[in-house]
Amino acid sequence: MHSRFKSNRSIVILSAGSIAWLFATATLVGCDKKSLPPRVVDPIAVASESESTDDIRFHYLVESNREDDGTVAGLSFIDTDGETVSVDQYKGKQNVLLVFTRGFSGSLCPFCTTQTSRLIANYDEFKSRDTEVLLVYPGSKDQIEEFMQAGMEGSGKDAFPFPVLLDEELAAVNRLGIAAHLAFPSTFLIDKLGNVRLSYVGSTPSDRPSIRALLEQIDAI
């Protein structure tokens with residue numbers, strides 16, 4: 001695995017069940033702890049953020065922890081309808097929020113499904129900021145329907161408002177150097193000019209930006 005990013009300490013509020021799950025999967029995401037200060041877990045909600053599965057909280061204050069090497073903007077995927085979707089096709093039109101889930105590693109990741117539910121619930125906030133959300137599911141698509149159904153739960157919506165993209169051969173994950181028993185949870189914000197404005201790779205399954213953090217990153221463009 002390539003080590004192109006720095007990891008930070010993080011403060012995470014979890015239920016007992018989530019803590020047990022995290023310890024059970026800790027071997028999947030060993031990482032090198034570096035020197036940035038602890039991130040703040042967002043106690044305030046946008047839309048469904050406060051009513052979360054097992055009291056999962058994601059980070060409010062985030063900054064890039066991976067150097068952009070030009071790889072992100074050139075990525076392309078296949079969506080669930082078999083159509084090709086590339087990051088480049090949005091250049092000059094919309095910002096892009098590219099979110100990599102961990103995929104299916106023997107069970108559904110509760111952090112991935114919770115993050116997905118919040119993105120769905122808050123999609124109108126991203127849309128009003130002229131930003132498209134692209135959600136990447138690494139690995140086999142055998143459980144994609146189960147994952148999508150779980151992601152819909154609690155969102156208040158009856159359909160995915162944004163594309164779900166497949167990385168079946170892990171080509172994008174390997175190209176980015178974020179492979180870790182499928183993938184580290186990762187988030188990239190690309191502006192309309194194709195510049196990567198946020199490049200954030202989580203060091204644990206729960207290490208992800210909150211909705212509020214993402215909206216503030218977009219507002220700062």
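This is a walk through the fold of one protein chain, from its overall layout to a few of its residues.

The structure is a predicted model, in which local features need pLDDT of at least 70 and side-chain atom pairs count only at pLDDT 80 or more, while totals for chains, interfaces and linings use all residues. Residues are numbered from 1 along each chain as its sequence is written, and side-chain values use heavy atoms, with hydrogens and water left out.

Let us start with the whole chain. It holds 6 helices and 7 strands, where helices (H or I, at least four residues) and strands (E, at least two) are DSSP runs numbered from the N terminus. Read from the N terminus on, the elements follow the order α-β-β-β-α-α-β-α-β-α-β-β-α. The chain has 221 residues, and 52% of them count as buried; buried means under 20% relative accessible area, exposed over 50%, and partly exposed in between, with a 1.4 Å probe and protein chains only. The accessible surface comes to about 9,900 Å², and carbon and sulfur atoms supply 48% of that. Such areas come from the Shrake-Rupley method with a 1.4 Å probe, and for residues only the protein chains shown count as cover. Among contacts (heavy atoms within 4.5 Å) with a separation of 6 or more, 76% are between residues 24 or more positions apart.

Now find strand β4, residues 131–138. It is largely enclosed by the rest of the structure, because 8 of its 8 residues are buried. T131, V133, L135 and Y137 point one way from the strand, while E132, L134, V136 and P138 point the other way. With β3 it pairs in the parallel sense over 6 bridges, and here V96 stands opposite E132. With β5 the pairing is also parallel, over 4 bridges, and L135 has V164 as its bridge partner.

What do β4, α4 and β5 make together? They make a right-handed β-α-β unit. A crossover is right-handed if, with the strands pointing away from the viewer, the path from the first strand over the helix to the second runs clockwise. The helix of this unit, α4, covers residues 144–152, and I144, F147, A150, G151 and M152 in it are buried. The buried residues of α4 pack against α2 (110–121), β4 and β5 (164–167). After α4 comes G154, whose phi is positive, near 85°.

Return to β3 (residues 95–100) and look at its pairing with β6: 5 bridges join these strands, which run antiparallel. Strand β6 (residues 186–190) is largely enclosed by the rest of the structure, since 5 of its 5 residues are buried. From this strand S186, F188 and I190 point one way, and T187 and L189 the other.

Strand β6 also pairs with β7 in the antiparallel sense, over 5 bridges. I190 stands opposite V196 in β7. The two strands form a hairpin with 5 residues between them, and G194 in the turn has a positive phi of about 90°.

Within β7 (residues 196–201) you will find Y200. Is Y200 buried or exposed? Y200 counts as buried because its relative accessibility is 0%. Its side chain makes a polar contact with the side chain of D207 (2.5 Å). A polar contact is a pair of N or O atoms within 3.5 Å; within protein, one must be able to donate a hydrogen and the other to accept it, and residues adjacent in sequence count only if both atoms are side-chain atoms. Y200 and T187 are 13 residues apart in sequence, and their C-alpha atoms are 5.2 Å apart in space.

For a contrast, turn to K127 in helix α3 (residues 123–128). K127 is exposed, with a relative accessible area of 55%.

Last come the cysteines. A disulfide is a covalent bond between the sulfur atoms of two cysteines. Here it is taken as a pair of cysteine sulfur atoms within 2.5 Å, and by this rule the count comes to 0. The sulfur of C109 is 3.2 Å from the closest cysteine sulfur, in C112, which is too far for a bond. C109 counts as buried at 3% relative accessibility, and C112 counts as buried at 1%.

Technical notes:
Two strands pair if DSSP finds at least two bridges between them.
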